[in-house]
Amino acid sequence: MKLYEYEAKQIFEKFGLAVPKKIGIIESISDLEGLSLNFPIMIKAMVLIGGRGKAGGIKKADNIEEARDICNKMFDLVIHGFVIRRLLLEEAVSVSHEIYLSIITDPATFDLVVVASASGGIDIEEVAKNQPEEIWKRTLSNNPKTLSEEVSQEAADFLVGRNPELASVKESLSTVIISLFSAFQQSEAKICEINPLIVTNDNQLIAADAKFVLDDNSLYRQAPLLKSIGIDPKSKRHDVSEQTKYEAQAYIVGFPFLDLLANPVNFQKEEDKLYVGLVPGGAGYGIFSIDEVVNIGNRYFDGNVVPINFMDSGGGPSLSKVADMFHLLMDHPATDLVITSRFGGISSCDIFIQGLIMALRDRYISKRRMIPVFGRMVGTDLAAARAFLDKAKKESPEPLKDLHIIVGNQKIMADVIKDGIEYGFKIKKQKGIGVIK
Amino acid sequence: MTIEKLPAEQGLLYYFIKQVRPELAEKITETKTIETMIVGLGRQGTRHAQLMMEYGTNVTCGVAKGKGGTLVHERIPVYESAQDAMEKHPNIAVASIWRHYSTAKDATIEVIRAGIPIVVLISEFIPLKDVRDILVEARKHKTILFGGNTPGIIFPPEGIKVGMLPDIFQAELVGDIIGPKGVTILSRSGAILYHLSDALASAGIAQNGVLGVGGDGAIGSRFVDLVSRIMFYENTDLVVIAGEIGGMQEELLAQDMLAHPEKYPKPLVALISGANAPEGKTMGHAGAVISPGQKFGTYESKREVLEQAGVTVVNHQHDLIEAVKTKLDRSYFDVERYYNKMQKKWDEKPPEKIWGTLITNVMPNNLIIRGYPLQDIIANKGLLETSYLLQVGEFPDESTLVELEKIAVDAARQPFVNHNAVPTSLDISKMLGTCLLLDTRLSNYVNLTSDVAEVAAFSLGRMLRYLAILLGNIDMIENAGEEDISFSKMIYFGLVGEEQPDPLKVKLLESMLTACVDHGITPPSAQATLVLASTRASFEVAMSAGLQAITDVHGGAGQRAAGFFLSIAKKAREENIKLDEATFELIRDTIKAGKRVEGLGHRIHTQDPRRDVLWQLAEEAGYAKECVAISKIVSDVFYRIRGMNLPINVDGVIAAIVADMKLDPKLAKAIFVFGRTAGLAAHYYEEISTQPQMRRLAFDKAVYKGSSIREIK
């Protein structure tokens, strides 16, 4: 979970790291009036994505007119698809030097890495690429609770070596690195970054920016920390993009769902295309099934097949959750066909089929939109699932007449998808909605 | 015909073990089996332990905090810690961990430290900091760690699976012999792993190992740690990896292949998912996040470097099949035959939900307790020995028996302060049930004692005291001064109240008690106790409920039967007619009056297995007189009147002997209730130590899974 800068700075302060004096957070231009502003001030757009500075999300204002102007413009800004809802206002600090510090996870070994550079304040990836000698890195293979004096001194030595003017703050640098490391470990972060760490004219070290990503898996035991920075510990923040209506719905029910269409609510369907909703089972196959639909569409259907979603229905969902997965896709205006696969490992074919049939019966009775379902089930509890399906088809043939589930693996899933798409086009043609080329 | 599995020491799992623990591998060549352990016995762990065993995995034991000393699936011992388990089972080579993410770290580290070489970490959502701690430990111990968030690992030729993978994987078949050859598959995602194997099987490509490396962002053994190793396993012809966007595992592997081509002597095909994933959106797996501008983690970055390293990269099931077929140019089994095998799985009937008991096998005309026919037990063993057998599964050795005698005798001697609150006028069952509930000494003893055989012995002693109070023989118990008095003699004092008893009478009485100890889970008394046990009611409450289910309808017919036999004998004497004549007349009159003839008929047995041995013992002791003679003909006489076969039952036989011993007919029921105490105690403890609480108790779905038939030595 990514934290907003002002949240991250609250954590920094708890660990003894100095940050610029906060003036306030505003949600509209009128909020500006109540604040006592001591210019110059920094105005920063609160978004959970990098590259804010370049996109115009960080500005300095020297007087109230400038501040109003900047805030007005910033509220209209959209940075990489994120709408700006809040601005952080803080007092500007004098800058003598800018340093880069971070604690990150090595993507290869998953060990902790301490990174420092005397060339802070700019895009650190550029520095890493063009001047690798400007970056100091230390991998810690034993996951220590605290950072040793030895390592922090070494980092400080490096920084002073690159910029001798830092010699007078060497000890403070060492302390800041240790504090940052403690903040990282105690908050169970994935990334903790200060860029820049400002050395002021009077040799103060101030974290002017803060990037903090918490580990979603440890949030349950970080409740006191989250509460102390004003976050409800029980609700995971959707921090990767602006949520669509359906993503928000799925979030409430409790399964991962992503719209692949840019604007699903007011989506304009192209007539000759088939839009396929996916209930794939498992996050990995959730990703792969999107590829399969696209590949099959390209090979056999002139590229006219569009997968509309990612879903992770794995991990043994409950009956009602399975039903909600199908409801969501059948309520989705784009869906022409639902393709589903249940390869029961930890999750049960039996619960899956019961949930699916429950959804179809409910929809039939309450006259909601029915969408053909194509799929396959194999694995855990298959025998019980099959018995349920056979019985249900006898008991309620009408709601289940467009349910096509292959029991067993006589056909690989790619072929089931192909059959489903073929059927989807046929139905679409019959109903005169679309035309196959 | 049955198809032999590949011997464990020829398979890929063994190959892994040998690389990291050569001494353990040596052991496996002797034991011919790879022992595995299951850590965490919640709903999933317990269920999949069963599925693993059904597949063929040797699940040696389990580890679950707070469940140490119990059994899972009726026979797998459970320990408090991995260390405890390893002390008893030092050859465990694989552990699977099914703990909740909040406790997965400690469990995993414990297992790694115990020295187990292969660890399969099923748990998902483990905090990253905990994963790092696990990795530090795993590196230190050279552990091969699959996961977290893995569906497990499966080795089709050896028939071993550790994890939750469905049974769809196919080994090489050479004629009817299972072969070791095939491709080895590694995948980050579970469902992709299944779809991948499925696709290859459809083309006749066998899998000798299917390994989930884990779907989380940070995992134990990575592609780069495993692929080269696997390529040096002689029976692997090709390796398939299933990667996906996020992380840099695939890039690392490719870089290693470029730097050290000699480590990769066999073909590799990579299926990479996420070609059409939108940038900047998270896709479930912690690993599958792409942020703009990264030089690794995208579909393109992976594809590019893998192809540079000479790997065929695919993104579609049919392309995978084509790539593997082209590289191998062979198949490993007949696809039709594979589908026929799978078809059987699709067409299976839903399994019945059976459960197991190890105590008593109840079959028509046979009662087998812990493997011993009850008639043999009655003839050769006493009540305390039989009680011990019921609880523990074996007969006690001599010193244990001495100890049990002391406990039972001592229990009979300790005062029961509340006995005045229990009216002796009550029905025997109700009276005993009430005593059990009021007896604070018993509940204290149960709370303080963990040995179930001792609890059963103590309960028998207390039951004797209640009965002695009821029957007015309590003074005999109080005054039994002998220091080392036997429990058998104590029983005789308490039930009969006769001084200087004939030793043969003492033995005969005890034999009748032993005959009543148990009848499996079929009678209502055992079922009542089980219902209470499943709610985790206390021992004495569950026992009380069970005993109170013994009524005139169930087990309590003896008292009336004894009276009936006595009246037949009296009639024959007074009217000077033959016994069968007197029997005929009285049965006829009874039936005319619309009454039941007691002591006849059984729900299960047509010839009660306890009948002949009791008659014979009565004969030998010299107490087979008129009533026993009547008991031998009563069934035939009944047939002459009603044309129905109703065999004499154990209540009837005991009633006849009690009558011939000139004992109070009330004793017939007392014997039944008293003896049954031992069996009910066994059922109580079996339920609480092997079954989940509040389970749905389907008595007709119980299956005897205990010892097979054996002889008393």
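# Briefing on a predicted two-chain model

Chain A has a secondary structure of 12 helices and 19 strands, where helices (H or I, at least four residues) and strands (E, at least two) are DSSP runs numbered from the N terminus. This is a predicted model, in which local features need pLDDT of at least 70 and side-chain atom pairs count only at pLDDT 80 or more, while totals for chains, interfaces and linings use all residues. Residues are numbered from 1 along each chain as its sequence is written, and chains are lettered from A and ligands numbered from 1 in the order in which they are written.

**Chain A as a whole**

- Taken along the principal axes, the C-alpha atoms of chain A fill a box of roughly 85 × 50 × 40 Å.
- Of the 437 residues in chain A, 45% are buried; a residue is buried if 20 or more other C-beta atoms lie within 10 Å of its own, exposed if 12 or fewer, and partly exposed in between, with C-beta atoms placed from the backbone.
- Among contacts in chain A between residues at least 6 apart in sequence, 72% join residues at least 24 apart, and two residues are in contact if their C-beta atoms, placed from the backbone, lie within 7 Å.

**The five-stranded sheet of chain A**

- In chain A, 5 strands form an open sheet with parallel pairing, in the order β15-β14-β17-β18-β19; two strands pair if DSSP finds at least two bridges between them.
- The edge strands of this sheet are β15 (305–307) and β19 (403–407) of chain A, each of which pairs on one side only.
- Direction ignored, neighbouring strands of this sheet are turned by 20° against each other on average, and such angles come from axes that are lines fitted to C-alpha atoms, for helices over the stretch in contact, and run from 0 to 180 degrees between N-to-C directions.
- Helix α12 (residues 413–430) of chain A packs on the sheet, where α12 touches β14, β15, β17 (337–344), β18 (373–379) and β19 of chain A, and the direction of α12 makes about 160° with that of β18(A).
- Strand β14 (residues 274–279) of chain A pairs with β15(A) in the parallel sense over 3 bridges, and the bridge partner of Val276(A) in β15(A) is Pro307(A).

**A pair of helices in chain A**

- Helix α4 (residues 149–162) and helix α5 (residues 170–187) of chain A have axes that come within 8 Å and cross at roughly 130°.
- The two helices α4(A) and α5(A) are therefore oblique to each other, given that angles under 35 degrees count as roughly parallel, over 145 as roughly antiparallel, 65 to 115 as roughly perpendicular and the rest as oblique.
- The crossing of α4(A) and α5(A) is right-handed; a crossing is left-handed if the near helix is turned anticlockwise from the far one by less than a right angle, and right-handed if clockwise.
- Residues that make the contact include Ala155(A), Ala156(A) and Leu159(A) of α4(A), together with Leu173(A), Ile177(A) and Ile178(A) of α5(A).
- By class, this contact has 7 nonpolar, 3 polar and 1 charged residues, where Ala, Val, Leu, Ile, Met, Phe, Trp, Tyr, Cys and Pro count as nonpolar, Asp, Glu, Lys and Arg as charged, and the others, Gly among them, as polar.

**Where the chains meet**

- In this model, 62 residues of chain B are in contact with 51 residues of chain A.
- On the side of chain B that touches chain A, the elements giving two or more residues are α6 (128–140), α7 (190–201), α11 (317–328) and α12 (335–346) of chain B.
- The residues on that side of chain B divide into 32 nonpolar, 20 polar and 10 charged.

**The seven-stranded sheet of chain B**

- In chain B, 7 strands form an open sheet of mixed pairing, in the order β9-β8-β13-β12-β14-β15-β16, and its edge strands are β9 (160–163) and β16 (312–314) of chain B.
- Strand β13 (residues 207–212) of chain B is mostly covered, since 6 of its 6 residues are buried.
- Strand β8 (residues 152–155) of chain B runs antiparallel to β13(B) and is joined to it by 2 bridges, with Leu211(B) as the bridge partner of Ile153(B).
- Strand β12 (residues 182–187) of chain B pairs with β13(B) in the parallel sense over 5 bridges; Val183(B) stands opposite Gln207(B), and Ile185(B) has Val210(B) as its bridge partner.
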